[in-house]
Amino acid sequence: MPRSVSLATTIAGSSLTSCLYNASGPLCTTSEELDALGNSEAGAILSKSATLEPRAGNPEPRYVETAWGSINSMGLPNEGYRYYLEYARRAQSFGKPYFMSVSGLSHDDNIEIVRALAGEAAISAIELNLSCPNVPGKPQTGYDFEQSRALLERIFEYVDQPLGVKLPPYFDLPHFDMMAAVLNDFPIAFVTCVNSIGNGLVIDVQAESVVIKPKSGFGGIGGDFIKPTALANVRKFYTLLREDIAIIGCGGVKTGEDAFEHILCGASAVQIGTQLMREGVDCFARIAGELSTIMQAKGYRDIDSFRGKLKSLD
Ligand code: DHB
């Protein structure tokens, strides 16, 4: 990375030496995977979304790569929140923030988890997942604005650490306004835009079949195709949310140029999902190098020099 360029950022009061880190989901479920993130150039460690109790998740195959990205219906396989709470102590040795993703199966579960995390200083922030599309019978809270408000009202009675939310992608302009009106009423530290585009379908033409087993083949779409949707969500929430709410971009990032675009739209940090699955933790150093090269060529010394400064044509 050229010396004159800094990729440093601040999220929820925590300093990150690189604005690039993992999306919750890929390669962040076991302590070995979390250690690999700790030892990599990722700017932070974010855990797999945790439920109250450990879960095996949906039947396999449940994650398939395509030429343009991925489809998944994992079904929240995770070790249960106690495991990720305990891991917080170990995470401290890496000298970077440790964020915990929480995705209880009910509002009560979410409350119980955030209450149990209270007082643990080694958890730098909580990313509350409002957007898991893969558990049959459990609608995404983020598509129900009243439910989102009701959950946040209860969460903020109990939460101790700074809290952000992981949002699903929105597609209709009034929906951005409605969700922003909810979020602006709470002391939210950040929003992460976006989770996978829910319930897509990938087909193997030769076999005339779906490619993943759960939910008749329906699953969350990640990768190249979701970048324009992700950028639109980052941009919209950057313009609609209070200035103190940081935006974290997620969706379709596989190069430094993709990360540059997210930051230009307003992202203070950028998460990597499908490409992390494909490439492993080396993606963080590679993408950081590419982003630094672009910044140096443009004369930007840090990400605040261009963050949010997307130009329009009028
Ligand atoms: C899973 C998928 C998601 O997109 C998410 O936000 C949480 C969990 C899963 O299927 O495990």
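Is Ser40 buried or exposed? Ser40 is buried, at a relative accessible area of 14% (buried is under 20%, exposed over 50%, partly exposed in between, with a 1.4 Å probe and protein chains only). This is a predicted model, in which local features need pLDDT of at least 70 and side-chain atom pairs count only at pLDDT 80 or more, while totals for chains, interfaces and linings use all residues. Residues are numbered from 1 along each chain as its sequence is written, and side-chain values use heavy atoms, leaving out hydrogens and water.

**Ser40**
- Ser40 sits in the loop between α1 (31-39) and β4 (45-46) (helices, H or I of at least four residues, and strands, E of at least two, are DSSP runs numbered from the N terminus).
- Not counting residues up to four places away in sequence, Ser40 touches Lys96, Val281 and Phe284 (contact is heavy atoms within 4.5 Å).
- Ser40 and Tyr21 are 19 residues apart along the chain, and 9.5 Å separates their C-alpha atoms.

**Lys48**
- The loop between β4 and β5 holds Lys48.
- Lys48 is buried but has no salt bridge (a side-chain nitrogen of Lys or Arg within 4 Å of a carboxyl oxygen of Asp or Glu).
- Glu33, 9.2 Å away, is the nearest side chain of opposite charge (Lys and Arg count as positive, Asp and Glu as negative; His and the chain ends are not counted).

**Sheet**
- An open, antiparallel sheet of four strands runs in the order β5-β6-β14-β11 (strands pair if DSSP finds at least two bridges between them).
- β5 (63-66) and β11 (197-201) are at the edges with a single partner strand each, so one side of each lacks a neighbour in the sheet.
- Four antiparallel bridges join β5 to β6 (residues 69-72), and Val64 has Ile71 in β6 as its bridge partner.
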